[in-house]
Amino acid sequence: MHNKTITEQAKDLRSGKYSSVELTQAYLQRIKKHKALNCFITVTEEHALEDAKIADTQLSAGNAKLLTGIPIAQKDIFCTQDIKTSCASKMLDNFIAPYNATVIENFNNAGAVMLGKLNMDEFAMGSSNETSFYGAVQNPWDTNTVPGGSSGGSAAAVAARLAPAVTGTDTGGSIRQPASLCGITGLKPTYGRVSRYGMIAFASSLDQGGPMARSAEDAALLLQTMAGFDSKDSTSVEQAVPDYSAGLNNSLEGLKIGLPKEFFSADLNNDIATTIEAAINEYRKLGAEVKEVSLPNMKLAIPAYYVIASAECSANLSRFDGVRFGYRCDNPADLNDLYIRSRGEAFGAEVKRRILMGTYALSAGYYDAYYIKAQKVRRLISEDFNKALSEVDVLMGPVSPSTAFAQGEKTGDPIEMYLADIYTIAINLAGLPAMSIPAGFVDNKPVGLQVIGNYFTEARLLNIAHQYQQVTNWHQQTPQGFE
Amino acid sequence: MSLSADEVKKIAYLARLGIDEQDTDAYAKDLSNMLDLMTQMGDTFTDTVQPMAHPMDQMQRLRPDTVSEHNQRENFQSIAPQIEAGLYLVPKVID
């Protein structure tokens with residue numbers, strides 16, 4: 001039953017083919033069996049089985065909701081009441097959240113069963129899941145390689161069939177890049193589509209939660225649960241949530257696809273380029289028209305992103321002070337010592353680098369040169385996308401410049417690690433929705449196709465992904481040893 | 001653009017962030033590399049461009065000025081490192 005999609009599982013649960021308790025137990029056993037992947041920070045076994053029992057009662061009473069009885073795992077960035085919420089940091093190793101994130105409430109209301117909390121890069125800062133306080137996550141396609149990041153535990157868990165679907169968050173590519181490296185389907189929604197309330201903040205103007213699943217059809221069910229206006233999130237956008245499953249089978253005849261020429265420059269690995277071109281050919285067969293477009297300021301996305309993300313990170317992470325919650329150093333000499341040592345002892349190297357960078361960029365004399373400049377460049381990048389998306393319906397290209405790289409390969413050079421997000425970062429700056437869908441393999445490692453849409457066109461993106469998944473089976477491949 | 005170890009120490013103090021003495025040079029090198037990356041923006045003409053803070057340029061939403069949250073002090077303080085009589089304890093600030 002672990003090889004079925006949640007769409008199939010929901011049907012089986014309703015027909016009584018198996019119970020939610022049986023389904024949940026099957027996943028809990030797989031999580032134990034594949035513990036070496038290190039996908040989970042916390043497994044909430046008792047909690048899950050209790051919820052599954054309640055779900056079974058609802059199922060037999062005939063009042064099941066969208067996800068009743070479906071086991072889901074949550075990225076450990078979403079606050080879960082009375083359950084440890086660590087954000088993969090020593091800082092929050094002792095943090096039992098006193099409330100639920102809106103996303104968690106939404107899953108509870110939809111009847112989902114939570115299997116546990118997933119590993120990630122510390123405070124979502126990383127592209128390989130190697131900055132986690134709880135250790136690196138292995139990519140099930142090749143356990144010597146990284147799963148990508150920051151939602152690495154999320155992507156590896158879905159690829160290894162330890163959960164049928166999960167949540168992730170994406171600040172610069174953290175849903176799409178691990179989805180690509182692990183061969184699963186991931187969607188970063190429009191900024192403001194999914195509530196950030198209770199989602200531990202990294203860079204508030206960029207962070208966005210979204211679904212990661214085996215197929216676009218499943219991702220649609222998750223997004224249906226996650227999306228919606230939330231008055232508790234001041235940046236949440238008041239816009240009605242459409243039925244994300246209703247248009248999955250719409251025809252792609254006449255779809256206009258734009259290929260940004262900057263995505264296909266000499267820097268792109270040849271084999272990945274060939275894989276992406278083959279995927280685009282499939283779309284041609286489905287009736288799409290393809291033309292070249294340009295995003296001239298694309299090369300400025302990484303510099304602008306690392307100013308804005310670091311600046312916002314340094315402001316957001318100032319709340320971790322050793323006073324109200326989280327880690328506190330032993331025997332502080334005075335208040336400054338309490339702050340300095342609590343933060344110094346509990347943050348990892350990458351988090352520190354970004355706090356330092358952000359503090360510098362926001363300090364007197366540098367604010368205009370870095371932060372304001374980056375916000376201006378951000379607008380230029382956003383305008384490039386607006387222009388391109390006025391000519392075509394969607395943009396397509398690679399998600400990542402490489403397939404899964406070796407553990408430790410890029411940890412020595414932060415800049416090289418940042419370049420792993422070269423094709424995803426600009427989308428966060430513009431606040432657009434984008435997906436990664438499995439499009440093939442290079443040397444037995446998955447490659448993801450990125451599909452970028454205009455604001456609030458998630459339903460169209462899911463339709464575009466679903467139609468591709470009707471004529472290809474890349475998304476159905478399972479890594480060896482995890483069948 | 002390069003930052004010295006002393007500048008790194010100053011920034012770390014501004015951020016109230018402890019860093020090991022032995023790591024200072026490495027941070028200086030990494031931050032200098034990051035700054036080099038960021039200076040790539042310098043050549044782009046942006047004098048007439050408005051800074052963009054929200055992807056959809058949304059303004060801060062207003063709500064009626066009524067009580068919307070109830071007091072959860074005990075709930076929130078149950079996870080604090082050190083409290084007494086409903087107060088957070090910190091080292092002595094005033095002699």
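This is a predicted model: local features need pLDDT of at least 70, side-chain atom pairs count only at pLDDT 80 or more; totals for chains, interfaces and linings use all residues.
A few ground rules: local features need pLDDT of at least 70 and side-chain atom pairs count only at pLDDT 80 or more, while totals for chains, interfaces and linings use all residues. Residues are numbered from 1 along each chain as its sequence is written, chains are lettered from A in the order in which they are written, and side-chain values use heavy atoms, leaving out hydrogens and water.

**Exercise 1. Find the residues with the most contacts inside the largest nonpolar core.**

Step 1: A nonpolar core is a set of buried Ala, Val, Leu, Ile, Met, Phe, Trp, Tyr and Cys residues joined through side-chain atoms within 4.5 Å; buried means under 20% relative accessible area, with a 1.4 Å probe and protein chains only.

Step 2: look inside. The largest core has 172 residues, and A:Phe123, A:Tyr283, A:Phe385, A:Met396 and A:Leu462 have the most contacts there.

Step 3: zoom in on A:Tyr283. Leaving out residues up to four places away in sequence, A:Tyr283 touches, among others, A:Leu252, A:Met396 and A:Tyr468 (contact means heavy atoms within 4.5 Å).

**Exercise 2. Is B:Lys10 buried or exposed?**

Step 1: locate B:Lys10 in helix α1 (residues 5–14) of chain B.

Step 2: check the relative accessible area, which is 60%. Exposed means over 50%, so B:Lys10 is exposed.

Step 3: for a sense of distance, the C-alpha atoms of B:Lys10 and B:Ala85 are separated by 37 Å, and these residues are 75 apart along the chain.

**Exercise 3. How many residues does each chain bring to the contact?**

Step 1: chain B brings 50 residues and chain A brings 69.

Step 2: turn to area. About 5,200 Å² is buried between the two chains, with carbon and sulfur atoms giving 69% of that; buried area is the accessible area (1.4 Å probe) that two parts lose on being put together, summed over both.

Step 3: pick out B:Met41, B:Met52 and B:Arg61, the chain B residues that lose the most area to chain A, together 14% of what that side buries.

**Exercise 4. Sort the lining of the largest pocket by class.**

Step 1: count 14 nonpolar, three polar and five charged residues. Here Ala, Val, Leu, Ile, Met, Phe, Trp, Tyr, Cys and Pro are nonpolar, Asp, Glu, Lys and Arg are charged, and the others, Gly among them, are polar.

Note on methods. Helices (H or I, at least four residues) and strands (E, at least two) are DSSP runs, numbered from the N terminus.
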